[in-house]
Amino acid sequence: MMFDQALAQALLQEKSTMNKPVDSSSMTGRWFNEMYNDESGAPREHYDAYANWLASKPLEFMLQKQKEADTLYARHGITFAVYGDESGVERSIPFDIIPRILRPRAWEMLSSGCCQRVRALNAFLKDIYHGQEIIKAGIIPERQILGNNLFRPEMRGIAVPADVYLHIAGIDLVKVGSDTFYVLEDNLRTPSGVSYMLENRKMMMRLFPELFARIAVAPVDHYADVLLDNLRAVAPPGVANPTVVVLTPGSYNSAYFEHAFLAAQMGVELVEGLDMFVADNTVYMRTTHGPQRVDVIYRRIDDDFLDPLAFRPDSTLGVPGLFAAYRAGRVTLANAIGTGVADDKSTYVYVPDMVRFYLGEEPILQNVPTHQLGKPDDLKYVLAHLPELVVKEVQGSGGYGMLVGPAASKADIEAYRARILANPANYIAQPTLALSTCPTFVQSGVAPRHVDLRPYVLSGKTVTLVPGALTRVALREGSLIVNSSQGGGTKDTWVLES
């Protein structure tokens with residue numbers, strides 16, 4: 001069987017799954033097929049060159065390439081732990097060899113919208129730890145910020161270099177139409193996954209070099225250079241040649257591969273808490289040549305574990321005295337302490353207002369309509385429509401602690417209802433979106449799978465992002481959960497240059 005025949009069968013299958021209604025007055029419609037026209041079945045214009053190449057390849061060729069990719073990922077140790085797996089064994093990230101392709105115009109809009117959003121969120125963090133003007137203006141209730149357990153009162157009045165709190169931000173987007181994207185959530189504490197974006201591109205260039213000769217795809221391999229330049233730009237004042245390190249919890253952390261990868265790509269040291277110490281409010285790392293001052297720490301450790309003297313006294317992951325050095329302006333932490341209050345899902349609903357308040361602009365990217373269950377009317381509506389909605393914990397992450405109503409059993413829904421009633425303010429709810437689908441190479445051949453998109457916004461000298469992103473794909477048929485920690489996979493994301 002030739003691969004184009006398998007593709008045609010997959011297209012018919014995809015069309016048959018594109019008629020589920022979306023329960024939202026603002027987002028009704030079918031599952032949007034990113035590669036093929038819904039009516040004619042012909043490739044969309046920006047996919048045309050790739051689709052023609054794909055149709056010329058036998059199924060056996062693609063099967064062999066997928067096998068090569070799986071083998072190389074396992075050999076290179078590109079892994080992620082799947083939480084809830086009793087074996088505790090790390091697995092290779094499932095990688096799909098069919099790329100996702102974005103038009104230049106769509107990327108320009110996404111790039112502008114993500115940068116705008118991060119500028120507003122950064123201004124919000126500076127404000128809530130200083131003047132709190134947004135509270136005084138009545139835009140956000142005081143309890144939403146000061147009553148949030150991710151708010152760090154210890155950060156009040158602390159000046160951070162260049163006023164940058166969000167050095168690295170991952171903005172999760174979903175597509176529901178031709179050029180219609182919505183922001184699903186903001187990842188602002190220790191956003192992960194960028195190493196997979198970079199490795200996916202390397203893999204595709206290794207497997208299919210002829211495609212990159214035919215199709216002008218914008219490069220992403222300079223990400224580490226841009227990241228390092230931005231980190232060095234926010235070193236403490238007066239430091240001419242800053243030393244940057246990546247701080248990891250250690251090799252047992254589920255994202256350790258990424259920590260080591262980014263340190264190697266930037267050419268900086270990968271350190272654990274025990275590798276550093278603080279003296280006279282200055283951070284040093286131990287080296288074979290003696291102590292060396294550390295100026296910028298790209299930390300992949302949560303706030304609570306950074307300093308046992310300031311936060312959790314039982315932490316063995318951090319550096320005693322680190323917060324005192326930070327407060328004294330002797331070291332930069334990326335991202336800043338206390339950013340969690342900005343990526344809390346109950347804060348998310350106010351981000352469009354932040355854009356208007358701090359920037360005086362209209363948001364380029366819109367939020368998904370969201371119900372706050374701490375509000376009586378929203379709670380009443382959600383309890384009456386649980387089978388149709390997605391419900392999330394406000395401080396949850398990784399796809400955990402959520403209910404996908406259309407995919408849940410009656411027993412699961414009733415159990416979740418009891419959880420909501422015990423603490424309504426701990427939850428938000430959103431419509432079950434008509435997430436777009438991309439053809440994906442699975443065991444049975446080519447089949448539609450739902451995807452999302454995570455661009456990485458870097459702040460330092462400027463606020464920018466490289467022309468690429470992590471596309472996550474829900475590999476289980478019908479699933480809307482794309483998180484790698486729950487068995488999702490990834491695709492290379494191509495932004496066309498013309």
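Q: In what order do the three strands of the open sheet stand?
A: In this predicted model, three strands form an open sheet with antiparallel pairing. Four bridges join β8 to β9, which spans residues 282-285. Within this pairing, Ala-279 stands opposite Thr-282 of β9. The order in the sheet is β8-β9-β10.

Q: Which strands stand at the edges of the sheet?
A: The strand order is β8-β9-β10. An edge strand has a single partner strand, so one of its sides is left without a neighbour in the sheet. The strands in this position are β8 (276-279) and β10 (292-293).

Q: Is the pair of Phe-311 and Phe-323 stacked or edge-to-face?
A: The model has 15 aromatic pairs. In the pair of Phe-311 and Phe-323, the ring centres are 5.4 Å apart. Planes over 60 degrees apart count as edge-to-face. The planes of these two rings are at 65 degrees, so the pair is edge-to-face.

Q: How many residues apart in sequence are the parts that Phe-311 and Phe-323 tie together?
A: Both Phe-311 and Phe-323 are buried. Phe-311 lies in the loop between β11 (296-299) and α11 (322-327), whereas Phe-323 lies in helix α11. The pair therefore ties together parts whose separation in sequence is twelve residues.

Q: The charged end of which residue sits over the ring of Phe-61?
A: Phe-61 belongs to a cluster linked by ring pairs, together with Tyr-50, Trp-53, Phe-208, Phe-212 and Trp-494. A charged end sits over the Phe-61 ring, 5.0 Å from its centre, and belongs to Lys-57.

Key:
Residues numbered from 1 in each chain as written. Predicted model: local features only at pLDDT ≥ 70, side-chain atom pairs only at ≥ 80, totals over all residues. Heavy atoms only, no water. Pairing = 2+ DSSP bridges. Helix = DSSP H or I, 4+ residues; strand = E, 2+ residues; numbered from the N terminus. Phe/Tyr/Trp six-rings, centres within 6.5 Å; stacked < 30°, edge-to-face > 60°. Buried < 20%, exposed > 50% of the residue type's maximum accessible area, 1.4 Å probe, protein only. Lys NZ or Arg CZ within 6 Å of the ring centre and 35° of its normal.
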